[in-house]
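Take a look at the chain below. This report covers strands, salt bridges and a surface patch.

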Amino acid sequence: MDANGIIESLTPLVPGAAFEAGASVDFATVYVPAEHIVATCAALRDHLTFEVLVEVTAADYLPRDPRFEVVYHLLSVPKRQRLRLKVRVGANGSVPTVQSIWRGAGWPEREVWDMFGIVFDNHGDLRRLLMPEDWEGHPARKDYPVQIRKAAQTYEPLEVSEAEFRANIERDRLKRH
């Protein structure tokens with residue numbers, strides 16, 4: 001089923017939602033309004049058999065407004081089909097959590113918050129996951145200041161003569177016995 005077919009199936013299940021088909025080269029992509037993401041996910045799980053949440057991630061399109069897109073990858077095992085949902089989010093916007101639909105959404109939503117700073121409303125445990133607790137900022141944002149300067153390191157290859165190699169092996173053999 002392509003994006004337009006999924007939108008046709010979703011429209012009566014999620015009243016008031018204005019879905020939009022997205023361009024894609026691999027599998028169907030549907031844009032969902034943020035306020036309808038939970039109802040859309042419930043309809044997809046309960047009526048269209050997309051029972052697996054594979055991933056939650058995001059993309060930063062600075063300077064575009066809305067700046068972010070939260071991306072959900074779903075899987076329907078019986079239909080052997082994948083689906084990508086995208087939610088546009090402004091720089092200071094938020095998205096409702098989908099933990100009520102898929103309990104496992106908590107960790108990837110935390111990762112998105114940690115890396116991008118996108119808030120998931122009613123999450124309950126939105127704290128650092130990948131970065132230390134005292135880290136400032138969100139490193140996956142395009143405006144995050146990268147300040148690390150490090151000189152390139154080069155190493156000489158390790159050269160051991162055959163006699164040294166044999167002596168090392170004999171020494172290791174004697175230690176083991």
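Helices here are DSSP runs of at least four residues, numbered from the N terminus. One of them is helix α4, residues 162-176, and Ile-169 is found there. Keep in mind that this is a predicted model.

Ile-169 counts as partly exposed because its relative accessibility is 44%. Together with Leu-158, Val-160 and Phe-165, Ile-169 forms a nonpolar patch on the surface. The accessible area of the patch is about 440 Å².

Now the strands. Strand β2 (residues 28-31) is covered on both faces. Ala-28 and Val-30 are buried on one side, Thr-29 and Tyr-31 on the other. In a regular strand, side chains alternate between the two faces of the sheet. β2 runs antiparallel to β1 (residues 20-22), joined by 3 bridges. The two form a hairpin with 5 residues between them. β2 also runs parallel to β5 (residues 81-89), joined by 4 bridges. Val-30 stands opposite Ala-21 and also opposite Leu-85 in β5.

Next, the salt bridges. The count comes to 12.

| Pair | N to O distance |
|---|---|
| Arg-67 and Asp-143 | 2.9 Å |
| Asp-114 and Arg-128 | 2.5 Å |
| Arg-173 and Glu-170 | 2.3 Å |

Arg-67 lies in the loop between β3 and β4, and Asp-143 in the loop between β7 and α4, so the pair ties together parts that are 76 residues apart in sequence. Arg-67 is buried at 7% relative accessibility, whereas Asp-143 is partly exposed at 45%. Asp-60 is linked with both in a network of salt bridges. Asp-114 and Arg-128 are both buried. Arg-173 and Glu-170 are 3 residues apart in helix α4, so about one helical turn separates them.

Key:
Residues numbered from 1 in each chain as written. Predicted model: local features only at pLDDT ≥ 70, side-chain atom pairs only at ≥ 80, totals over all residues. Heavy atoms only, no water. Patch = residues over 30% accessible without salt bridge, like charges linked within 9 Å, V, L, I, M, F, W, Y side chains within 5 Å. Areas by Shrake-Rupley, 256 points an atom, 1.4 Å probe, with all protein chains shown as cover. Salt bridge = Lys/Arg side-chain N within 4 Å of Asp/Glu carboxyl O. Buried < 20%, exposed > 50% of the residue type's maximum accessible area, 1.4 Å probe, protein only. Pairing = 2+ DSSP bridges.
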